[in-house]
Structure formats: C-alpha cells, structure tokens
Amino acid sequence: MAKRILEPNTTLYPVAVVLVTTGGAKPNVLTCNRVASVSAEPPRLAISVRPNRYSHALIRASREFVVNLPAPDQQTLADYLGVVTGREEDKIATAQLKLAPALKIKTPLLADCPVNIECIVEREIELDSHTLFIGLVQAVHTDETLLDANGDVDVARAGGIVYACGAVRERPTGKFNPDDLRRRVKGE
Ligand SMILES: Cc1cc2nc3c(=O)[nH]c(=O)nc-3n(C[C@H](O)[C@H](O)[C@H](O)COP(=O)(O)O)c2cc1C
C-alpha cells in the first residue's frame with residue numbers, strides 16, 4: 001500500500017451527520033458532523049460548534065440542544081441547514097420543518113427525523129476554532145419501526161444515515177449553492 005502524508009486534519013470518515021435543534025424564542029437548526037458519543041453511564045453526546053454559528057449563542061443561552069438523526073432521503077435538507085444561517089433566514093419556515101415538543105427539555109425536536117436525542121449542556125470546552133458542548137442525554141425518541149428485537153435503534157432499518165458512506169468535508173463550500181438548496185427544500 002503506497003501512502004502519502006497529508007497536512008494535519010481530522011480525517012475521520014465515514015461520520016454521522018446530524019441536525020441540531022436549538023430552542024429559545026426562535027428555534028433554529030444547524031447541521032453538524034463534529035458529533036460523538038463520549039460516555040455511557042450516564043450517556044453523553046458532544047457536539048463541536050464554531051463560535052460564529054448563530055446556533056452557538058443559542059446553545060450557550062439555553063444550555064440545551066437536540067441531536068436529530070436524519071434519514072438518507074433528508075440529505076438535501078442536511079445540506080441546506082448546513083449552508084444557510086438562521087441569523088439571516090428562518091430555516092425552519094423555509095424548509096417547512098415540523099417541530100415537536102421534547103419530553104425533558106424546552107428545545108423542540110424535528111418531528112420528521114426518525115431519532116431525536118434530548119441533551120442538557122453539562123460543560124463546554126474551548127477548542128480554538130470550535131466550542132465542544134458536552135450534553136447529558138435526557139431522553140431518546142425513536143421511530144418504533146427502527147427498533148430491533150433487543151429494543152435498540154437499528155438505523156439500517158431507516159436505510160442508514162445521511163452520508164453514512166464516503167468522505168464529507170466539514171462544509172461543502174463551493175459545491176452547494178444556497179439558492180438551489182433553498183428551492184429544493186421548498187419542493188420547487
Ligand atoms: C455536512 C456538514 C457538516 C457540518 N458540521 C458542522 C459542525 O460540526 N460544526 C459547526 O460549527 N458547523 C458545521 N457545519 C456548518 C454549519 O452547519 C453551517 O455553518 C450552518 O449554516 C450554521 O447555521 P447557523 O448559523 O444557523 O447556526 C456543517 C455543515 C455541513 C454541510
């Protein structure tokens with residue numbers, strides 16, 4: 001196997017791509033691939049968000065977030081939510097997303113995502129380009145058709161997850177056109 005040395009980067013692919021909802025007076029959603037399961041007892045998820053994202057201030061203010069797992073047919077939605085900012089546009093209205101109430105927190109879930117994980121921010125770690133928000137999982141909602149015989153979520157039953165295969169750079173700048181994505185999420 002012939003190998004080449006690249007400039008340092010995280011190169012951890014394939015990765016899950018998730019849609020993170022934030023609450024407060026005006027809920028918002030951003031796409032994240034810097035997401036990880038970081039402990040089991042109690043369960044914690046961590047997301048890493050750049051300080052200039054609109055969602056960053058919203059998470060910091062509410063101390064909550066919801067990790068919504070999109071199904072493969074929600075890829076255009078994931079791209080749109082990851083290219084357009086809620087600072088300039090109500091993404092939930094444009095993409096006609098349905099919100100549903102969470103069980104334990106105030107931040108709403110994305111009703112049309114098959115899995116939603118409610119988290120309360122336990123701590124934050126500043127990591128130069130990003131802030132790592134470590135969330136304690138409060139409740140997990142799942143489409144019951146995804147449950148296997150042990151009662152565990154089997155994402156293969158939803159056809160997998162968005163971008164489950166292949167390399168994903170953090171932000172497909174240049175590859176995706178916000179106007180085109182906006183038209184597509186509106187079904188135009
Ligand atoms: C596939 C994909 C993954 C992304 N992952 C992250 C991430 O982990 N952290 C982050 O801060 N931004 C990430 N982004 C970029 C944000 O989703 C994007 O800047 C978004 O417009 C921010 O929305 P907001 O300003 O409404 O919060 C990603 C974008 C895409 C398309």
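Which side chains does a polar contact of 2.7 Å join? The pair is Ser-129 and His-130, where a polar contact is a pair of N or O atoms within 3.5 Å; within protein, one atom must be able to donate a hydrogen and the other to accept it, and residues adjacent in sequence count only if both atoms are side-chain atoms. The model is predicted, so local features need pLDDT of at least 70 and side-chain atom pairs count only at pLDDT 80 or more, while totals for chains, interfaces and linings use all residues. Residues are numbered from 1 along each chain as its sequence is written, and side-chain values use heavy atoms, with hydrogens and water left out.

Seven strands form an open sheet with antiparallel pairing, in the order E2-E1-E5-E8-E9-E4-E3. Strands (E, at least two residues) and helices (H or I, at least four) are DSSP runs, numbered from the N terminus, and two strands pair if DSSP finds at least two bridges between them. Strand E2 (28-32) and strand E3 (35-39) are the edge strands, each pairing on one side only. On average, and with direction ignored, neighbouring strands of the sheet are turned by 35° against each other; axes here are lines fitted to C-alpha atoms, for helices over the stretch in contact, and angles run from 0 to 180 degrees between N-to-C directions.

Several pairings can be followed residue by residue. Five bridges link strand E1 (residues 18-22) to E2 in the antiparallel sense, and Val-20 stands opposite Leu-30 of E2. E4 and E9 run antiparallel and are joined by six bridges, with Ile-47 opposite Phe-133 in E9. Between E8 and E9 there are 12 bridges, again in an antiparallel pairing, and Leu-136 in E9 is the bridge partner of Ile-120. The hairpin of E8 and E9 has two residues between the strands, and Asp-128 takes a positive phi near 60° there.

Leaving aside neighbours within four places in sequence, Ser-129 is in contact (heavy atoms within 4.5 Å) with Arg-50 and Pro-51. Ser-129 and Thr-10 lie 119 residues apart in sequence, yet 13 Å apart in space from C-alpha to C-alpha. Another loop, between E1 and E2, holds Gly-24, which counts as exposed because its relative accessibility is 60%.

Helix H1 (residues 54-62) packs on the sheet and touches E1, E2, strand E4 (44-49), strand E5 (64-69), strand E8 (115-127) and strand E9 (130-142). The direction of H1 makes about 115° with that of E2. Ser-55, His-56, Leu-58 and Ile-59 are the buried residues of H1, and these pack against E1, E2, E4, E5, E8 and E9. Just after H1, Arg-63 takes a positive phi of about 60°.

Asn-68 is found in strand E5 and counts as buried because its relative accessibility is 0%. The side chain of Asn-68 makes polar contacts with the side chain of Thr-21 at 3.0 Å and with that of Asn-116 at 2.8 Å. Not counting residues up to four places away in sequence, Asn-68 touches several others, among them Val-18, Leu-19, Leu-109, Cys-113 and Val-115.

A polar backbone atom of Thr-31 is 2.8 Å from an oxygen atom of the ligand, and a backbone N or O atom of Asn-33 lies 3.0 Å from a ligand nitrogen atom. From Ser-55, a polar side-chain atom lies 2.6 Å from an oxygen atom of the ligand. The ligand taken alone exposes 650 Å², and the protein buries 98% of that; accessible areas come from the Shrake-Rupley method with a 1.4 Å probe, and for residues only the protein chains shown count as cover.

Methods. Buried < 20%, exposed > 50% of the residue type's maximum accessible area, 1.4 Å probe, protein only.
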